[in-house]
Amino acid sequence: RFFIAVRTKSGKEYEPSSLRDMLSSIQRHMNRIGYCDGISLITDASFGRMREVLKSKQKELKGQGKGNKAHRAQALTAAEVDKLYECGQLGLGSPGSLLNSLWFYNCTYFGIRGGKEEHRKIMWGDVTLHTDSNGLEYIEYQERQTKTRTGADIRNARDGLPRAYTNVENPAKCPVAAYK
């Protein structure tokens, strides 16, 4: 009944993922106060009907257009990236712009998420410098465990290691130069 009836203060429906988050929060609270005694709302068979109702409600909300990530971040345009180089936020001109550039290249070329956690876990040797058969230098990223690739499913791996090649046309925007 809760998942069918719950609404925001203004009376609007919640996003589908918010309903699942509520279930997890209730479970955490019950665990914290010692109410559960090993019972799991998320996995126990006795709560199967509740999970079916939750899933049905999420599908209904999805059908109404909820959960479509309307507020997700917009990709930077080439002009916006150029502006970041022009104003010195990206580039090789200062320690700050170098760090910003490395962060930007890690996100762009290696798919490392923008938050700090994945960047902080990078260790020396995860990014290595190589030269291809044509003599072009590139850096390659050996990925560790991530939010989406936890290691639990060995088939969930990239087809190849991500690479960032030397920018011969514009050395000021070169990921290899920033790495060096």
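**View 1. Ile139 in strand S2 of the predicted model.** Ile139 lies in strand S2, which spans residues 137–141; helices (H or I, at least four residues) and strands (E, at least two) are DSSP runs numbered from the N terminus. With a relative accessibility of 4%, Ile139 is classed as buried, where buried denotes under 20% relative accessible area, computed with a 1.4 Å probe on protein chains only. Leaving aside residues up to four places away in sequence, Ile139 touches Phe110, Val127, Thr128, Leu129, Pro162, Arg163, Ala164, Pro175, Val176 and Tyr179; contact means heavy atoms within 4.5 Å. Tyr179 is 40 residues from Ile139 in sequence, and the C-alpha atoms of the two are 7.9 Å apart in space.

The model is predicted, with local features requiring pLDDT of at least 70 and side-chain atom pairs counted only at pLDDT 80 or more, whereas totals for chains, interfaces and linings use all residues. Residues are numbered from 1 along each chain as its sequence is written, and side-chain values use heavy atoms, with hydrogens and water left out.

**View 2. Ser97 in helix H5.** Ser97 belongs to helix H5, residues 95–110. Ser97 is buried, at a relative accessible area of 4%. The Ser97 side chain reaches the backbone oxygen of Gly91 at 3.3 Å. When residues up to four places away in sequence are not counted, Ser97 touches Gly88, Gln89, Leu90, Gly91 and Leu92.

**View 3. The crossing of helices H2 and H3.** The axes of H2 (residues 16–32) and H3 (residues 48–63) come within 8 Å and cross at roughly 160°; axes are lines fitted to C-alpha atoms over the stretch in contact, and angles run from 0 to 180 degrees between N-to-C directions. H2 is therefore roughly antiparallel to H3, a term applied to angles over 145 degrees. From H2, the contact involves Pro16, Leu19, Arg20 and Leu23, and from H3 it involves Met50, Leu54, Lys57, Gln58, Leu61 and Lys62. The contact residues comprise six nonpolar, one polar and three charged; Ala, Val, Leu, Ile, Met, Phe, Trp, Tyr, Cys and Pro count as nonpolar, Asp, Glu, Lys and Arg as charged, and the others, Gly among them, as polar.

**View 4. The protein chain as a whole.** The chain contains seven helices and three strands, arranged along the sequence as α-α-α-α-α-α-β-β-β-α. Of its 180 residues, 25% count as buried. Among contacts in the chain with a separation of 6 or more, 44% are between residues 24 or more positions apart.

Conventions
Angles under 35 degrees count as roughly parallel, over 145 as roughly antiparallel, 65 to 115 as roughly perpendicular and the rest as oblique. Buried means under 20% relative accessible area, exposed over 50%, partly exposed in between (1.4 Å probe, protein chains only). A polar contact is a pair of N or O atoms within 3.5 Å; within protein, one must be able to donate a hydrogen and the other to accept it, and residues adjacent in sequence count only if both atoms are side-chain atoms.
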